[in-house]
Amino acid sequence: MHINKINSLPPKYGGIDWASGNGGDFTVLTLMSMDGKLVDIVAFKNMDPVTQVEKLAEVINGYSLDCLQVEMNSIGRIYYDQLRRKVKCHISQFNTTNDSKRKIIEQLVTAFQKQTITIPNDEELIKELQHYAMEKTSKGYTYNGADGVNDDYVMSLALCWDAYNKKKG
């Protein structure tokens, strides 16, 4: 398990991108303070679903979050059903489509451009951000990690930033 405690501010918002439990992808929880500063990134991979939910619930219940936004696609629904029974905070569901993903990624890009968000010097997050790409397809555009790089940290950050923006505004 990788934990990157960034600062001592109390987190109020979170975003979770789920991993299947095996392979190269990560389950990532990003936590943000009331003023939009990154507080913590918790990530792990190759962990069975029950253990993932238990570890996340332990971290989340250590805080008083206003909103936790979780991805609901495919395995996300199963994890969500388990997590909501174990945590004390409000959980917002996020259904990832090309359009909804585009919106939260563009919102994150704007935050970087306006310098309203800062990130820690986290090697995996920076690598994923550097390899994140928009690709034109016959049906429009897709947004994913390029060159075989995952987008788990990016999606968790985008979900967290979206939860923050929904609550503040």
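Helices (DSSP runs of H or I, at least four residues) and strands (runs of E, at least two) are numbered from the N terminus. The model is predicted: local features need pLDDT of at least 70 and side-chain atom pairs count only at pLDDT 80 or more, while totals for chains, interfaces and linings use all residues. Residues are numbered from 1 along each chain as its sequence is written, and side-chain values use heavy atoms, with hydrogens and water left out.

- A nonpolar core is a set of buried Ala, Val, Leu, Ile, Met, Phe, Trp, Tyr and Cys residues joined through side-chain atoms within 4.5 Å; buried means under 20% relative accessible area, exposed over 50%, and partly exposed in between (1.4 Å probe, protein chains only).
- The largest nonpolar core holds 27 residues, and those with the most contacts inside it are Met 32, Ile 105, Ile 117, Tyr 153, Leu 157 and Trp 161.
- Two or more residues of this core come from each of β3 (27–33), β4 (38–44), α3 (98–113) and α5 (152–168), and the largest share, 10 residues, comes from α5.
- Helix α5 is mostly covered, with 14 of its 17 residues buried.
- Leaving aside residues up to four places away in sequence, Ile 117 touches Met 32, Leu 108, Ala 111, Phe 112, Leu 157 and Trp 161 (contact means heavy atoms within 4.5 Å).
- Another core, of 22 residues, lies apart from the largest one and includes Trp 18, Leu 29, Val 42 and Ala 57.

**Salt bridges**

- The whole structure contains 8 salt bridges, each defined as a side-chain nitrogen of Lys or Arg within 4 Å of a carboxyl oxygen of Asp or Glu.
- In helix α3, Glu 106 and Arg 102 lie 4 residues apart, about one turn of the helix, and they form a salt bridge whose closest N and O atoms are 3.0 Å apart.
- Both partners are partly exposed, Glu 106 at a relative accessible area of 37% and Arg 102 at 26%.
- Asp 99, Arg 102, Lys 103 and Glu 106 are linked in a network of salt bridges.
- In helix α4 (residues 123–130), Lys 127 and Glu 124 are 3 residues apart, about one helical turn, and their salt bridge has its closest N and O atoms 3.5 Å apart.
- Lys 127 is partly exposed at 35% relative accessibility, whereas Glu 124 is buried at 17%.
- In helix α5, the side chains of Lys 166 and Asp 162 meet in a salt bridge (3.0 Å, N to O); the two residues are 4 residues apart, about one helical turn, and Asp 162 is buried at 7% relative accessibility.
- An α-helix has 3.6 residues a turn, so residues three or four places apart point the same way.

**Cysteines**

- The structure has 0 disulfides, a disulfide being a pair of cysteine sulfur atoms within 2.5 Å.
- Cys 67 is buried, with a relative accessible area of 5%, and its sulfur is 7.6 Å from the closest cysteine sulfur, in Cys 89, too far for a bond.
- Cys 160 is likewise in no disulfide, the nearest cysteine sulfur, that of Cys 67, being 9.2 Å away; Cys 160 is buried at 0% relative accessibility.
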